[in-house]
Each structure stands twice: as C-alpha cells, then as structure tokens.
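This report describes selected features of one protein model. Please keep the sequence and the structure in view while reading.

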Amino acid sequence: MPSSQDRSLTARVQLLAFTLLALFLAFTLVLLDSHTRDAAFAEVSDELDTQLSAGATRILRTTEQLRRDALLLAQVPPIQGLVRAAANRGFDARDRNRWDEWELRLQEIFSAYAAANPECAQVRYIGVAGGGRELVGVDRTPDGRIAVAPPAALQAAGERDYFRAAARLAAGRLYLSEIELAREHSVVRTPHVRTLRAATPVYAADGKLFGIVAINWNIGALLDEFARVPHPANTLSYVADQYGRYLAAPEDGRASGFDPGRDDRIQRDIPALTPLFAPDAAAKSAFFGAPTELGDAHFLARRVHFDPGVPERFLVLVYRYPDAALAPVLAASRGKLLLGGLLAGTLMLIAMLLLIRRAFAPLAQLTAAAEAFSRGARSVALPAQGWTDIRALTEAFAHMLRSIADKENALTGLNADLEQRVLARTAELRMTSSVYENTSEGAMISDEHGVIVGVNPAFTEITGYSAEEAIGNKPSLLKSEHHEAAFYRTMWATLLDAGRWQGEVWNRRKSGEAYLEWLTINRIPEAGGLSASYVAVFRDITDRHRADERVHHLAFHDALTGLPNRALFQERLAHAVERARRDGGQLSVTFIDLDGFKAVNDSLGHDTGDLLLQEAAARIQSFMRRGTDTVARLGGDEFVVLMEDLGNAECCAGLADEMLVDIARPMTLKGHTLRVGASMGMAFYPQDGGSALALMQHADTAMYAAKAAGKNTYRFFCDDMLHEVNAYLALENDLRDALERNELVLHYQPKVCLTDGRMLGVEALVRWQHPRRGLLQPAEFIALAEKTGLILPLGDWVLAEACRQAALWVARNIVLPVAVNVSPQQIEKSGLAERVQALLAEHGLPATALQIELTETTLMADPERVSAVLQQLHRVGVVIAIDDFGTGYSSLSRLRHLPIDLLKIDKSFVTQSEHDAKDALVVRTVIALAQSLGLDTIAEGVESEGQATLLRDAGCVVCQGYLYAHPKPPHELEGWLGGVAPTGMAPGA
C-alpha cells in the first residue's frame, strides 16, 4: 500500500496540473477572442477607407468641374457683346447686334448649359450698373425643367457676399462659396437645396468691372450619394462643413437647415471628432472607437479641401460603424471557443490524471520493495509495469538481487579479462566517436524502446536541440505534423521487417521551422548481451527541395499573376475532357479578354498595367470553386477558365453576369481610379467540341463575337460563328489583295455654301470595287482594316490618291480643296505630318488645298500625342477639322488650345434638328461655341430645306449632304459642276 506521503505527493501534483491547465485554457480563450475582434474591426476599417477615398474623389471632381464651367461661361461672346453695347447706347457696332439680342443669345447659352448639367440649379449674369442688378437668369424648376427667369424675378445682388467677393477678383479668378441652402428673394427654398456657388468677374476692354457670372450647383444628390456608397451593413455616413454643420446625415432633420438657434453640429454628437476641425488637423483620422448617444461605435473620417484658394474651407466625411454590429459574430465565436475550451480541458484533465496515477503507482511499489530489501529481505514484490526510467530501475534492481551472490564469487576472475576488453573496446569507440562527432550529417541513437540515448553535434546544428534536450526524449520530439499516421506505421513496419528504412521526411526544428531531410534508419539487433538499438543518419535537403519546387512552378505558372500558364491549362483541360468523356459529364471553357486594357497600359505605363492584370486575375479567381475550377493567363490581357462538373449552361450565364459586374468595378491603382470591362466567350463539352483544342478555338471565337457585340458582355459558341469567322477571314484576305490590285477608288462629296450655293470643296470618301460583291461602302470594310492594321496602308493610299486628284483639278483651274479622314492609328504612328508635306511637294499643291479630318473620339483618346501631330500639320499650313463633333464628350478647355480650324456638326444632330427641339438647340449651341472660339462650322448630313434654313439662321456657312449631291467619282463630279455656282474657297473651307 502507498504511504500517506505518496498520496499527498500525488494529490499535490494533481492540483498543480489542474491549476496550470485551467490558466492555460483561460489565457488561450482570451487571446483567441481578442484576435477575432481585432481581425473583424480591421476588415471593416479597410473597406470603409476604400469607400471614403472614393467619396472624397467624387466631391473634388465635382467642384473642379464647377470652377471650369464658371470661367468658361464668363468668356462666351454674348457677354462681351453686352459690354460693347453698353458702351455704345445699347448697340454693338462690331457684330451689329442690339443689347436685347445679346441678352437672348446669353439666355440660350445659359439654358443649354443648365440642360446639359443636371446639377445646375441657377445661372445668373449680374451687371455692376444699377447696384448689381441681375440681367440674365436661368433656373431649374422643382420639376426639373429649365426656365428663363422673367424680369420680375431678377433681383439686386450688389450686397450679396458672392457679388462683393467676386468684384474684388482679377480677370480669370474665381470665388467659390461655402455649401449653403439656396434662397429665393432672401428666403430659404422649401424643400431645402444644398447649394455650392461659383462667381467670376467680367471686365470691359478698358479694364473696368462690368458684371459678374454666378452659378449655383445643387450638390445635395452628390452628398446624399455618399451615404448610398456600398459599405458594411449598419454603417452610417455623414457629411459636415468646416463648422461641423451637417450637410448629409441618415437621421431625419439633421441637414434640414442652418438654424442659428439649433446646435446640430457633428462635434456635439460625436465629441471625439472635434480635433479634426482644428486648423492644423491631419487630413484623415485613424479608425477609432468612441461612445455616442446611440451606443459605442468606431469612426473613420477624412477632410476634403474643395477650394484651393481658401484652405480653411473644407468638408468632413465620416463613417460610423456601431460596435454592436459585431456582437452576433463575436457571440457566435465566443460560444464556439468556450465549448471547444471546455471539451479540450475535460479531455486533457482526464488524460493528465490517468498519466499521474500511472506514473506514481509503480514508484510507490518500488519504494516499498527497496525498504524491505534494506531490512534484509531477499524476496520482494516488484512492479510489473511503469515508465521507461522506472521500468529500467525495476529491472536493474531485480537483476541485482539475482546476481549479487554470483557476482561476488566471479568478480576476481573476470576483473583481468574485463580490463583487456575495455582497452580494446575503448580504442574502437574512440575511432567511432571521432567519425560520429565530426560528420556533417546528423546522427541519433535510440534504444529498443525508441528513447534517444545519443546525438552528435551535427544533430544540434540541424535541429537546434542540444544533446541535453534530446537525450531521454523520443524522436517524435521533431515531428512536424506534415505526415499522417499511416506514413509512420509503414516506416516502422519496413524497419522491423527489413532492418533498414530510408526516404524523405518533414521534421520541425526547435525554432518551429519545418525542414525536409533525407533520413536513413538502421536497426542494430541484440548482440553480446546488449539490447537492440536504432541508428538514424540524416541531412537537410530543404533548399534543394524548394529550388525544385520553384523551377516546377515557374515552368507551369504565370510569373505576374501566379495563375497556371497555357501549358498547365492545356494539360488540365485534356485530363478534364478525358474524365468528362469517361463519366458522361459536362465542362465549359471560357475565354476572357479585358476591354480597355491597352489604353491603360499605354497611358499609365506597364507598372500600372501589371497591377491591373493582378487585380483582374484576383477578381476572376474569387468566383471559382476551389479544387474544381482552373483560371489561367494565356498572355497579355487574355484569361481562360475551365469549369468541370457542370449541371447546365444557365449557371455559367449567371456567373458570367456577376463576373462582368465585378471586373467593371473601379480599381484604385497607384493613385488612379480605373475602369475596364471584359468580353467573354464560352464553349461547352460535348456540345461544342470533343477535344481540348476544339473547345479552346470555339471559346476564342465566341469571345470575339462578344467584342463585336459591343464588348463588356458574353456569348455562347454557336456554329454560325464559324461561318462569320470564315467570312471575316475571307474578307480580310480580299482586302489585302485589294490594296495590291488597285481595287480601291475615291468618291467625292461636295461642300456647298448655304448663302449663295457656291461649291467650296469636297470630302474624299473611299469605296472598294470588289470583284464579286460589287461596290462596297466604308462601313463594310473600314472596321476590319482598323482591327487588322490594314488601315495604315489604306489610309496612306487615300492621302496619296486625294492629292493626285487635287493636282489634276488645279491643272484644269478647278479650285476644290479636298478633305481626307485619318484614322487613330495614323495619328499614333509617327510621320503623318512628314508624309503630308512630302505628298504636297510631290504634286505641287499648296497646303490649303488639303484638309485633314479626325474624329472627336480620336482627339480625346491620347490628347498629348494628338496635340503634337496637329501642331506639326498646323505649321505645314494644312486645314484641320474635327469630325462628328458633339458625340465624343471632348474637353472645351483642351479644345481651345488645339490648332483647329473647323468643327463638323455630326449628322445625328442635323438629321433630327428640324423636328426635335433639343437637337436643334445642340446645333445652335455648337455653332455659337465655334464662333466664340473663332472656328468655322460645317454641317454634314443635310437632307432637307428645313435643315438648311435652320443652319443658315444659326450662322452656319458650309454644309454637305444628299440635299445637294451624293458622293461621286471624279468624272461625274466634274459634270455636276456645270449645274452649280462657280467654285470658290471660303475662309477655312
């Protein structure tokens, strides 16, 4: 029976173990709970920061647009006409217009501006004379209509703050107000309109202040939109001015007005935001927590300085995320942690109690046997089991009892023999020890029970464990958890059966780092009375393994995105097709090509392009099923997706819609907010092909069909696409032959003076005399030429042929300046100006005999490159025209700095101008804009006398269209000339 001391020791050990276990579990639970909370808030902070930056960018872009518009409106011709009329008793002697005529023209321009800008709530022109009386006003009514303010609604604004502030500014400077509530006759409008005002002075030629142009923009929608930007659920957003007054808030009534009697300021509701309103405050706050009336919450705020001239004026954008929103997530996490902790603690406690009991029971029995032996007893009961040390002690004690008498009798005789054996063995051991201690490979010796009994220095160098730490432990000390239990069972079965095992094993160093070793274990059988043992020799091969993995990865993955490359994708697709054929399954191959990537890559550089490709790859991969689908990058901006185990094609269609939306989301890369789209083509096994090659070809064909359908969409492969592709290839080959066989011809459409019917020039239009299909119009082959690059030789031929024909006409005393359209690719390639100059010299033509027309879209695609080319052409003396004006959203501020002579009003506006008031207004506005910029206008697509009359009344001089003549070959055009007025050349025509 164990003594009371033994029982007391066991109890103390059990109590200590239980206490340590409880402390360990409590610490672990607290640490995991804190980590879960921090991770949740970090995720919310990152998402809110992204949305906050997007909102700030939108506000700055809006205020900058307002500044540009105000300065541009102050420069329109009617205002200077009013200045001149005021100086000459109401009549402008230069343009022969009366004061009231200039007022009507200014009303039209203000109305056109307000109609084109939904944010515009009011435009005013205020004269200095008469105490600052409003002379011209345009308002947006509550129902959204544009109305010219009647004289009774015009007010004296001389005492208004914006009038006084703008009157002190130099020409070209701007006053920008605070955001305030709109007023009418000094009364705040109801419902309330949050307004931002811009005002700029107008000076007469003698330098005296003549008037003020003021614009009111309703930015309420912009501020409210900030609250609707997608952000984490339960998040509330606020906008306040530099005083802290609410401009936008989710609570009703917060931003209803600026009542001095109310203290609706964000600092009062959220005191923690007060430092952000200090003059020297940082631009953005950290993500911080603070108590509020609605409960504890976290906040993120940013200052937006929207007026560069007034740094103390700013807006504050705030996100409030309630801490309670995380409560369900944290509660569920804590419940799981508590349940797991209780279960783990219970199991560990049971195991620990059993272990302690098993450890102490043999010790108590061995102690009793030792006490009996010390009292002279030679027959004692020893424990039958116990831990290694206790078992070894028990065996040694028993052996001692059995052998003590025999040993005493034989001790003398054996002594001499043992000394000789010790000397020989010592020499052997010294040699073995030298090799053992100095080898570069780690060595470990364990006994028959697997307990380590010796290690060499290389073992310590590789594993980090000293000999003292390793000896007495088992080799499982190094276990890395990389291998399953079956691996070790197989290892020991081989070792016991064959006496030897070798192979690669993942183990773990003392530092926790996993490493790969080449391990050889030999079993040393029992011999000479010694127990069996095991000798393990190993070397670290981690670096070699990682190098092999890196080489393999680089061979089969894309270096930029980390996605599989073409070789790996084709291998996986081939295997997938075999599995689908064997199992009767279905799979899909989807080609994805980014729309607009080339423009980003060319304009912002390859670094930004690479970041865009990585972000696009991540967005595509986020929709894939892990372990089932494969996304690969084939090169450039082309990706391909393999989806296996499909139920039907509808699931692919839904997924494609979601992917298109996600790819089109804005990307913020290196300070730029970018948008790209994607065109997708899908092919399915077995419907669309029975091999990997056929599926990839058909998916590629479907992708090009999606691009032809307008991009940013997807198409499923169908057999008709093959016919279209074949027809496309045939037409491409024919077009290449057409350039060599001289099958292209030019037709010329006359340009006619609207006032006297004179012919002022012609536009050269290319046609293709196809040997089988007859005469083809440009719409049937120009897009193909652009796509294949044939537009460069085609465009050069058109330039050369137009110059040749113009030279023939000059030789016959026919003065017909020829207009030639150039493509964007001709602008992009260097040498256009030099080629034009060479052709003029070759045919002896003056520069004014040639006009170069380029579209408004070409102008805005690469403004810097286009501007440089146009400057070269302008120095040569060639007339430059902007075609299709009004359809490309070009910047007026950029337009006025380019060497442009003509604006061509797009046919789409002219066609409907006779019956559509809006199109008619656009036509008149473009003509007025061209006049204000000192440019001539040409209207194309004129087909009726009503259209011609409208253009003539609006001030347009030159037009072309079917009303006068269709495009004609040169010989027909010369015959037609006999029925019109003599030719002549108008300014810029």
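## Basis of the model

The model is predicted: local features need pLDDT of at least 70 and side-chain atom pairs count only at pLDDT 80 or more, whereas totals for chains, interfaces and linings use all residues. Residues are numbered from 1 along each chain as its sequence is written, and side-chain values use heavy atoms, with hydrogens and water left out.

Helices (H or I, at least four residues) and strands (E, at least two) are DSSP runs, numbered from the N terminus. Two strands are taken to pair if DSSP finds at least two bridges between them. In general, strands of a sheet pair through backbone hydrogen bonds, either parallel or antiparallel.

## The sheet from β18 to β19

Five strands form an open, antiparallel sheet in the order β18-β17-β21-β20-β19. Because β18 (452–455) and β19 (500–508) each have a single partner strand, they stand at the edges, and one side of each is left without a neighbour in the sheet. The twist averages 25° from one strand to the next; axes are lines fitted to C-alpha atoms, for helices over the stretch in contact, and angles run from 0 to 180 degrees between N-to-C directions.

Over 9 bridges, β19 pairs in the antiparallel sense with β20 (residues 514–524), and Arg508 has Ala514 of β20 as its bridge partner. Helix α12 (residues 485–498) packs on the sheet, touching β19, β20 and β21 (533–540), and its direction makes about 150° with that of β19. Contact here means heavy atoms within 4.5 Å.

## The sheet from β13 to β14

A further open sheet of 5 strands has the order β13-β12-β16-β15-β14, with antiparallel pairing. At its edges stand β13 (246–248) and β14 (288–290); each has a single partner strand, so one side of each lacks a neighbour in the sheet. The average twist from one strand to the next is 35°.

Strand β14 is joined to β15 (residues 297–304) by 3 bridges, and the two run antiparallel. Ala290 stands opposite Ala297 in β15.

Ala54 lies in helix α1 (residues 4–73). With a relative accessible area of 44%, Ala54 is partly exposed; buried means under 20% relative accessible area, exposed over 50%, and partly exposed in between (1.4 Å probe, protein chains only). The C-alpha atoms of Ala54 and Pro666 are separated by 9.3 Å, although the two residues are 612 residues apart along the chain.

Helix α21 (residues 791–811) has 21 residues and reaches 30 Å from its first C-alpha to its last, close to the 30 Å expected at 1.5 Å a residue. That expected span is 1.5 Å times one less than the number of residues. The buried residues of α21 include Ile791, Leu794, Val798 and Trp809. Asn813, which follows α21, has a positive phi near 65°.

## Parallel strands around β36

Strand β36 (residues 936–940) is mostly covered, with 4 of its 5 residues buried. Strand β35 (residues 902–905) runs parallel to β36 and is joined to it by 4 bridges; Leu902 stands opposite Asp936 in β36. Strand β37 (residues 958–960) is also parallel to β36, with 3 bridges between them, and Ala939 stands opposite Cys959 in β37.
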